Amino acid sequence: MKQKKKIFEQHLYHEIEDEDKAEEYLDNSLPLIGLVVMYFNGLEKSLDSIICQMFTDRTDATGLIVLHKMSYSTKVDLFKRFSDEFHLCCENKIEEFENLISNLKETGRLRNLVVHADWENTDDDGYTYVNLRISTNGMEQEYLQFSEDSLKEIIELIFTSRQQLGNYWDKRNEELYKN
């Protein structure tokens, strides 16, 4: 995704020169935005299920009580802490674990960018307003270009992360129940 920044002047304003072209871009992107949301929710539910099983395989209730109202990033952190402890106890770190954690974090970051973007303020080049950065240098309006290809890449990362999560869980259980 390409990024551009614009110095904030007096009012929060977004330049959209060709509104028809911007509308066409959004019409093509909306189904992909919906897929990002839908598939990410499936990934999060898979993570919830695995965390619940880490508490006990007898019921999901214990895990659900803990996970209730917990943010996705906090769930990833909890999953990582449980897994790190498991790796120490078994004296065996499962391959690809660090990559899985990295991908889980990145999917959350990208999903948040997509979901919280100000889609009504997308210009004709596909740059969408995502944030106002405030620093000692002043305020900057930040835009990301969510192309159809970049949205598809986010969807692929979600699929990859979900598959990695399932593979990790299978390998973890093999390690746990060997002998």
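Which residue forms a salt bridge with R133? I looked this up in the model, which is predicted. The partner is E142, and the closest N and O atoms are 2.8 Å apart. R133 is partly exposed, at 42% relative accessible area. E142 has 6% relative accessibility, so I put it down as buried.

I searched the whole structure for salt bridges and noted seven. Bridges with shared partners join E44, K45, D48 and K75 into one network.

Next I turned to helix α3, residues 72-90. I counted 19 residues, and the helix reaches 27 Å from its first C-alpha to its last, close to the 27 Å expected. Its buried residues include Y72, K75, L78 and F86. K80 and D84 both lie in α3, four residues apart, or about one turn. They form a salt bridge with a closest N to O separation of 2.7 Å. I found K80 partly exposed at 21% and D84 partly exposed at 24%. Just after α3, E91 has a positive phi of about 55°.

In helix α4, residues 97-116, I found E106 and R109 three residues apart. These two also form a salt bridge, at 2.9 Å between the closest N and O atoms.

I looked at Q164 in helix α5. Q164 is buried, at 15%.

Last, I noted a surface patch of negative charge made by E19, D20, E23, E24 and D27. D20 sits in helix α1 and is exposed at 66%.

Key:
Residues numbered from 1 in each chain as written. Predicted model: local features only at pLDDT ≥ 70, side-chain atom pairs only at ≥ 80, totals over all residues. Heavy atoms only, no water. Patch = residues over 30% accessible without salt bridge, like charges linked within 9 Å, V, L, I, M, F, W, Y side chains within 5 Å. Areas by Shrake-Rupley, 256 points an atom, 1.4 Å probe, with all protein chains shown as cover. Salt bridge = Lys/Arg side-chain N within 4 Å of Asp/Glu carboxyl O. Lys, Arg positive; Asp, Glu negative; His and termini not counted. Charge placed at Lys NZ, Arg CZ, Asp CG, Glu CD. Helix = DSSP H or I, 4+ residues; strand = E, 2+ residues; numbered from the N terminus. Buried < 20%, exposed > 50% of the residue type's maximum accessible area, 1.4 Å probe, protein only. Expected span 1.5 Å × (residues − 1).
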